[in-house]
Amino acid sequence: SMLSWQKIQPALKKSLTYNLQPATEAAFPELPTVLIWFRFVLGLVYGLHAGGNLVPSAVALIQALNLIAFVPTVYCKFYLGVPAEVYATQVVFSGLPNALALTLLIWVYCFTAAHAPHEAQLAALLSLSSGGS
(Lines give C-alpha, C1' and ligand atoms only; values in the text may rest on other atoms or scores of the structure.)
Protein backbone atom coordinates (compact mmCIF):
# COMPACT_ATOMS: atom_id res chain seq x y z
CA SER A 1 0.00 0.00 0.00
CA MET A 2 1.02 3.60 -0.49
CA LEU A 3 0.96 4.46 3.21
CA SER A 4 2.87 1.66 4.88
CA TRP A 5 4.72 1.93 8.16
CA GLN A 6 7.96 1.02 6.36
CA LYS A 7 7.64 4.18 4.26
CA ILE A 8 6.31 6.44 7.01
CA GLN A 9 8.85 5.59 9.71
CA PRO A 10 12.02 6.87 7.94
CA ALA A 11 10.26 10.07 6.84
CA LEU A 12 8.90 10.62 10.34
CA LYS A 13 12.35 10.05 11.85
CA LYS A 14 13.94 12.55 9.46
CA SER A 15 11.20 15.11 10.01
CA LEU A 16 11.71 14.97 13.79
CA THR A 17 15.51 15.15 13.65
CA TYR A 18 16.69 18.53 14.90
CA ASN A 19 19.16 20.32 12.63
CA LEU A 20 19.03 17.61 9.94
CA GLN A 21 20.42 20.02 7.34
CA PRO A 22 19.73 18.05 4.15
CA ALA A 23 22.34 19.28 1.68
CA THR A 24 20.48 17.97 -1.36
CA GLU A 25 16.92 17.13 -2.21
CA ALA A 26 17.92 13.45 -2.41
CA ALA A 27 18.86 13.52 1.30
CA PHE A 28 15.22 14.07 2.32
CA PRO A 29 12.98 13.50 -0.73
CA GLU A 30 9.91 13.08 1.50
CA LEU A 31 10.09 16.67 2.82
CA PRO A 32 7.44 18.11 0.45
CA THR A 33 5.05 15.29 1.42
CA VAL A 34 5.78 15.84 5.12
CA LEU A 35 5.05 19.56 4.67
CA ILE A 36 1.78 18.81 2.88
CA TRP A 37 0.58 16.66 5.78
CA PHE A 38 1.87 19.20 8.32
CA ARG A 39 -0.13 21.90 6.56
CA PHE A 40 -3.22 19.67 6.47
CA VAL A 41 -3.01 19.15 10.23
CA LEU A 42 -2.58 22.90 10.79
CA GLY A 43 -5.52 23.60 8.46
CA LEU A 44 -7.70 21.05 10.23
CA VAL A 45 -6.91 22.42 13.68
CA TYR A 46 -7.30 26.07 12.67
CA GLY A 47 -10.54 25.36 10.76
CA LEU A 48 -12.01 23.67 13.85
CA HIS A 49 -10.80 26.54 16.03
CA ALA A 50 -12.21 29.29 13.81
CA GLY A 51 -15.46 27.44 13.13
CA GLY A 52 -15.90 26.31 16.72
CA ASN A 53 -15.34 29.81 18.06
CA LEU A 54 -17.64 31.28 15.38
CA VAL A 55 -15.03 33.64 13.98
CA PRO A 56 -17.02 35.64 11.39
CA SER A 57 -14.28 37.80 9.98
CA ALA A 58 -12.14 37.65 6.88
CA VAL A 59 -9.23 38.24 9.25
CA ALA A 60 -9.48 34.52 10.07
CA LEU A 61 -8.72 33.76 6.42
CA ILE A 62 -5.56 35.88 6.54
CA GLN A 63 -4.57 34.27 9.84
CA ALA A 64 -5.11 30.82 8.35
CA LEU A 65 -2.99 31.68 5.32
CA ASN A 66 -0.20 32.99 7.54
CA LEU A 67 -0.33 29.98 9.83
CA ILE A 68 -0.43 27.42 7.02
CA ALA A 69 2.25 29.13 4.95
CA PHE A 70 4.78 30.30 7.49
CA VAL A 71 4.80 27.82 10.38
CA PRO A 72 6.04 24.97 8.14
CA THR A 73 8.54 27.33 6.50
CA VAL A 74 9.90 28.35 9.90
CA TYR A 75 10.00 24.67 10.91
CA CYS A 76 12.11 23.89 7.83
CA LYS A 77 14.47 26.81 8.32
CA PHE A 78 15.01 26.78 12.07
CA TYR A 79 14.23 23.21 13.19
CA LEU A 80 15.45 21.12 10.27
CA GLY A 81 18.01 23.62 9.01
CA VAL A 82 16.97 23.22 5.37
CA PRO A 83 18.99 25.56 3.12
CA ALA A 84 16.62 27.76 1.11
CA GLU A 85 18.23 26.88 -2.21
CA VAL A 86 17.86 23.11 -1.78
CA TYR A 87 14.07 22.85 -2.08
CA ALA A 88 13.38 26.31 -3.49
CA THR A 89 9.63 26.98 -3.63
CA GLN A 90 8.61 23.46 -2.50
CA VAL A 91 9.06 24.48 1.14
CA VAL A 92 6.71 27.44 0.79
CA PHE A 93 4.08 26.13 -1.60
CA SER A 94 3.76 22.35 -1.06
CA GLY A 95 0.13 21.74 -0.15
CA LEU A 96 -0.63 25.38 0.62
CA PRO A 97 -3.78 25.81 -1.51
CA ASN A 98 -5.10 22.39 -0.49
CA ALA A 99 -4.61 23.05 3.23
CA LEU A 100 -6.20 26.48 2.92
CA ALA A 101 -9.18 24.92 1.14
CA LEU A 102 -9.47 22.31 3.92
CA THR A 103 -9.42 25.08 6.52
CA LEU A 104 -12.15 27.01 4.73
CA LEU A 105 -14.27 23.89 4.26
CA ILE A 106 -14.14 23.02 7.95
CA TRP A 107 -14.63 26.64 9.02
CA VAL A 108 -17.69 27.11 6.81
CA TYR A 109 -19.17 23.77 7.89
CA CYS A 110 -18.76 24.51 11.62
CA PHE A 111 -19.96 28.09 11.24
CA THR A 112 -23.02 27.01 9.23
CA ALA A 113 -23.84 24.18 11.64
CA ALA A 114 -23.82 26.66 14.52
CA HIS A 115 -26.25 28.90 12.65
CA ALA A 116 -28.85 26.31 11.64
CA PRO A 117 -31.88 28.58 12.39
CA HIS A 118 -30.45 31.33 10.18
CA GLU A 119 -29.75 28.79 7.45
CA ALA A 120 -33.33 27.50 7.62
CA GLN A 121 -34.65 31.08 7.44
CA LEU A 122 -32.49 31.79 4.38
CA ALA A 123 -33.63 28.55 2.72
CA ALA A 124 -37.27 29.51 3.32
CA LEU A 125 -36.74 32.97 1.85
CA LEU A 126 -34.94 31.55 -1.16
CA SER A 127 -37.68 29.00 -1.80
CA LEU A 128 -40.30 31.77 -1.63
CA SER A 129 -38.40 33.94 -4.07
CA SER A 130 -37.78 31.10 -6.53
CA GLY A 131 -41.34 29.81 -6.20
CA GLY A 132 -42.76 33.14 -7.35
CA SER A 133 -41.00 33.08 -10.71
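Read along the sequence, the chain runs α-α-α-α-α-α-α. Its secondary structure amounts to 7 helices and 0 strands, where helices (H or I, at least four residues) and strands (E, at least two) are DSSP runs numbered from the N terminus. This is a predicted model, in which local features need pLDDT of at least 70 and side-chain atom pairs count only at pLDDT 80 or more, while totals for chains, interfaces and linings use all residues. Residues are numbered from 1 along each chain as its sequence is written, and side-chain values use heavy atoms, with hydrogens and water left out.

The overall dimensions come next. Taken along the principal axes, the C-alpha atoms fill a box of roughly 65 × 35 × 25 Å. The radius of gyration of the chain is 20 Å, whereas a compact globule of 133 residues would have one near 14 Å. That radius is taken over C-alpha atoms, and the globule rule is 2.2 Å times the number of residues to the power 0.38.

Of the 133 residues, 29% count as buried. Buried means under 20% relative accessible area, exposed means over 50%, and partly exposed lies in between (1.4 Å probe, protein chains only). The chain exposes about 8,500 Å², and carbon and sulfur atoms supply 72% of this area; accessible areas come from the Shrake-Rupley method with a 1.4 Å probe, and for residues only the protein chains shown count as cover. Among contacts (heavy atoms within 4.5 Å) between residues at least 6 apart in sequence, 81% join residues at least 24 apart.

Helix α1 contains S15. S15 counts as buried because its relative accessibility is 5%. Leaving aside residues up to four places away in sequence, S15 touches F28, V34, Y75, Y79 and L80.

N19 is a residue other than glycine, yet its phi is positive, near 55 degrees. Q21 is not a glycine either, and has a positive phi of about 50 degrees. With a relative accessible area of 39%, N19 is partly exposed; Q21, at 48%, is partly exposed as well.

Helix α2 covers residues 31-52, which makes 22 residues. From its first C-alpha to its last, α2 reaches 31 Å, close to the 32 Å expected at 1.5 Å a residue; the expected span is 1.5 Å times one less than the number of residues. An α-helix has 3.6 residues a turn, so residues three or four places apart point the same way. Just after α2, L54 takes a positive phi of about 55 degrees.

Helix α7 spans residues 116-131 and includes L125. L125 counts as exposed because its relative accessibility is 51%. The C-alpha atom of L125 is separated by 56 Å from that of T17, and the two residues are 108 residues apart along the chain.
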